[in-house]
Amino acid sequence: MTALLPLFLAWEFFGMTAPALASGFAILEQSVRGLGSAFSNSAAADDASTIFFNPAGLTRLSNNSAIAATYYIAPTALFQDRDSTIATGAPLTGGEGGDGGVNIVVPNLYAVWNASDRVTLGLGVNSPFGLKTRYDRDWVGRYHAINSELVTININPTVAAKLTDNLSLGAGINLQYAEAKLSNAIDFGLIGASNRLRTAPQSTDGSVELEGDDWSWGYNLGLLYEPDRRTRLGLAYRSAITHDLEGEANFNVPGAVSALTATGRFQDGGIAAELNLPDTLSLHAYHQISPRVALTGDVTWTNWSRFEELRVAFDDPVEPDNVQPENWRDTVRYSLGVNYALSSAWELRAGVAYDPSPVDDTYRSPRIPDNNRTWLAIGASFKASDSISFDIGYAHLFVDDSNIDLSGSTSGNLRGKIDSDVDVVGLQLTWKF
């Protein structure tokens, strides 16, 4: 893990960041075995990724082990304009933005050590939240969004204890780094005209880029109860985390409207923003109905109502706060899966999930064009030897069309629809030692 951590950090900091693949901007891609069952198999607790899903499951792992996993994620986000206008009522000019989705690779790493017959230690490094959308710089919605990016890096040391033969408890600390980058165009032509400059709306575009980061922390807890050898019931909680992001705003103001900066506005300088990440509560089950077949299920509540607004405060006292209301609602995700032991070396799995969106239609933004999604997933495991095994998983996410109707005094009224879907392929290597 010590050797692989710099590689993971390099992946994250140089743009290999994850888009939001669960509802909102959560990232469930923390286990390739989980991917193949639409993340219904948390109670299986059959590899080190249980650190993320339920740390109590560590007590079921009899060997020291390490996991390295990577995911290729191919989202699409295609906007269709529906008569978008500026404040004067004239049409917003520009194209439809291209594909706002960005194909990327994202990794995670886990390791487990058995401290005794009853106590197990673990360490996970992952990205539990993330977002990346990117549209053409001259698209019709450029005044609302061009680039949007959120990166989290989560370091999760964990301990689990087997209290009885049937009951295990686990707990972990989450040391989390978050970095956000946002950019959009500014219609300085419209702003200049309203300040008696000789400019016309949409004729003199500038831009702003915002960037901030922060370290914060939270915790996760888990319980795993095994009433018999064929059945497991789990309960897991991940705490909310608040990031107080601090960074810089960089404005690009065209020369034709440079007089606007005399008021003190549109100046480069410091910014601050609060990012409220949600807590989650999961209930999951595993039941082996025959020597070859097991059923899995998971229900997860996410406290998305913590995300009430996206507010950026500028150190410049003349520059007003940039506020985007969000007013997200809490969600409950449901997933079911089946595992089939084809042989002593091969195991197959499949799963389905329904993942509702927390986004209110009134406030949906092209930065996060989220909507309800249905998961269909398949996967396989191959045990090459007593110490080495491989996993592969694939999921397709069917995303409901996302209507956009977003207004701003200088950004215009962006109206349209975004068609989205996502394909995910995961590969995982497990080493027992």
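Reader: How many positive and negative side chains does the chain have, and how far apart do the centres of the two sets lie?

Author: There are 30 positive and 50 negative side chains, and the two centres lie 6 Å apart. Keep in mind that you're looking at a predicted model.

Reader: What makes you say the chain's radius of gyration agrees with a compact globule?

Author: We set one value against the other. For 433 residues, a compact globule would have a radius of gyration near 22 Å, and this chain has 24 Å, so the two agree. As for the outline, the C-alpha atoms fill a box of roughly 80 × 35 × 35 Å along the principal axes.

Reader: How many helices and strands does the chain have?

Author: Four helices and 20 strands. Of the contacts between residues at least 6 apart in sequence, 72% join residues at least 24 apart.

Reader: And what share of the residues is buried?

Author: Buried residues account for 54% of the 433. The chain still exposes about 18000 Å², with carbon and sulfur atoms supplying 57% of that area.

Reader: Let's go to single residues. Why is Asn276 called buried?

Author: Its relative accessible area is 16%. The cut-off for buried is under 20%, so Asn276 counts as buried at 16%. You'll find Asn276 in strand β10, which covers residues 269-277.

Reader: What makes the pairing of Asn276 with Arg306 a polar contact?

Author: The two side chains come to 3.5 Å, and a polar contact needs N or O atoms within 3.5 Å, one able to donate a hydrogen and the other to accept it. So the Asn276–Arg306 pair qualifies. The side chain of Asn276 also makes a polar contact with the side chain of Thr242, at 3.3 Å. Setting aside neighbours within four places in sequence, Asn276 is in contact with Ile241, Thr242, Arg306 and Phe307.

Reader: Phe307 is on that list. Where does Phe307 sit, and is it buried or exposed?

Author: Phe307 is in the loop between β12 (293-302) and β13 (309-314). Beyond its neighbours within four places in sequence, Phe307 is in contact with Phe25, Asn276, Glu326, Asn327, Trp328 and Ile368. Val102 is another story: Phe307 and Val102 are 205 residues apart in sequence, with 24 Å between their C-alpha atoms.

Reader: Why is Asn195 called partly exposed?

Author: Asn195 has 45% relative accessibility. Partly exposed runs between the buried limit of under 20% and the exposed limit of over 50%, so 45% puts Asn195 in the partly exposed class. Asn195 belongs to the loop between α4 (188-194) and β7 (205-228).

Reader: How do you know that the side chain of Asn195 comes within polar-contact range of Ile191?

Author: A polar atom of the Asn195 side chain lies 2.8 Å from the backbone oxygen of Ile191, and the distance limit is 3.5 Å. So 2.8 Å falls within the limit. Glu326, by contrast, is 131 residues from Asn195 along the chain, and their C-alpha atoms are separated by 30 Å.

Reader: What is Tyr334 called, buried or partly exposed, and why?

Author: Partly exposed, because its relative accessibility is 45%, a value between the 20% and 50% cut-offs. Tyr334 is in strand β15, residues 331-341. Leaving out neighbours within four places in sequence, Tyr334 is in contact with Asp298, Val299, Val352, Ala353 and Tyr354.

Reader: Why is Gln202 called buried?

Author: Its relative accessibility is 17%, and buried means under 20%, so Gln202 counts as buried. Ala45 counts as buried too, at 4%.

Notes: Residues numbered from 1 in each chain as written. Predicted model: local features only at pLDDT ≥ 70, side-chain atom pairs only at ≥ 80, totals over all residues. Heavy atoms only, no water. Helix = DSSP H or I, 4+ residues; strand = E, 2+ residues; numbered from the N terminus. Buried < 20%, exposed > 50% of the residue type's maximum accessible area, 1.4 Å probe, protein only. Contact = heavy atoms within 4.5 Å. Rg over C-alpha atoms; globule rule 2.2 N^0.38 Å. Areas by Shrake-Rupley, 256 points an atom, 1.4 Å probe, with all protein chains shown as cover. Lys, Arg positive; Asp, Glu negative; His and termini not counted. Charge placed at Lys NZ, Arg CZ, Asp CG, Glu CD.
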